[in-house]
Amino acid sequence: MTEEENITFAKVRHLLASRNPVHRINALQVFVHLKGPDFPDLLLDAGRDPDALIRQQAIQLMGEYHEERFAGFLVHALS
């Protein structure tokens, strides 16, 4: 990964820690769509977030990727 990409992902990760749920959702979308480092782990963590909006976005994003770990999480979330 280039230094520029590292800087971009660091900025996005910073926004993921924001108290503003809209900033967190936008950062989550950017990070996942750019396939940032460990994005599957990030999505799984977001799927357990206390904020329902964050969980909803994480689950929606999980549905876009064929990651084995997401399957069980999605089944549980839908039940």
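Visitor: In which helix is confidence lowest, and in which is it highest?
Guide: The lowest confidence in the protein falls in helix α5 (residues 68-78), with a mean of 84, and the highest in helix α2 (residues 21-33), at 96. The score is pLDDT, the predictor's confidence in each residue, from 0 to 100. Helices here are DSSP runs of H or I with at least four residues, numbered from the N terminus.

Visitor: What is the average pLDDT of the protein?
Guide: The average is 92, and 100% of the residues score at least 70. This is a predicted model, in which local features need pLDDT of at least 70 and side-chain atom pairs count only at pLDDT 80 or more, while totals for chains, interfaces and linings use all residues. Residues are numbered from 1 along each chain as its sequence is written, and side-chain values use heavy atoms, with hydrogens and water left out.

Visitor: On to packing. At what angle do α1 and α2 pack?
Guide: The angle is about 145°, and the axes of α1 and α2 are 8 Å apart. Axes are lines fitted to C-alpha atoms, for helices over the stretch in contact, and angles run from 0 to 180 degrees between N-to-C directions.

Visitor: Which residues meet there?
Guide: From α1 come F9, V12, R13, L15 and L16, and from α2 come H23, R24, A27, L28, V30 and F31. Contact means heavy atoms within 4.5 Å. By class, this contact of α1 with α2 has 8 nonpolar, 1 polar and 2 charged residues. Ala, Val, Leu, Ile, Met, Phe, Trp, Tyr, Cys and Pro count as nonpolar, Asp, Glu, Lys and Arg as charged, and the others, Gly among them, as polar.

Visitor: How many aromatic pairs are there?
Guide: The structure holds 2 aromatic pairs. In one of them, the rings of F9 and F31 have centres 5.2 Å apart and planes at 75°, so the pair is edge-to-face. Rings of Phe, Tyr and Trp (its six-membered ring) pair if their centres lie within 6.5 Å; planes under 30 degrees apart count as stacked, over 60 as edge-to-face and the rest as tilted.

Visitor: And how do α3 and α4 pack?
Guide: Helix α3 (residues 39-46) and helix α4 (residues 52-62) pack at about 140°, with axes 8 Å apart. The two are therefore oblique to each other. Angles under 35 degrees count as roughly parallel, over 145 as roughly antiparallel, 65 to 115 as roughly perpendicular and the rest as oblique. L43, L44 and A46 of α3 make the contact with I54, R55, A58, L61 and M62 of α4.

Visitor: What about α2 and α4?
Guide: Their angle is about 15°, with axes 10 Å apart. That makes α2 roughly parallel to α4.
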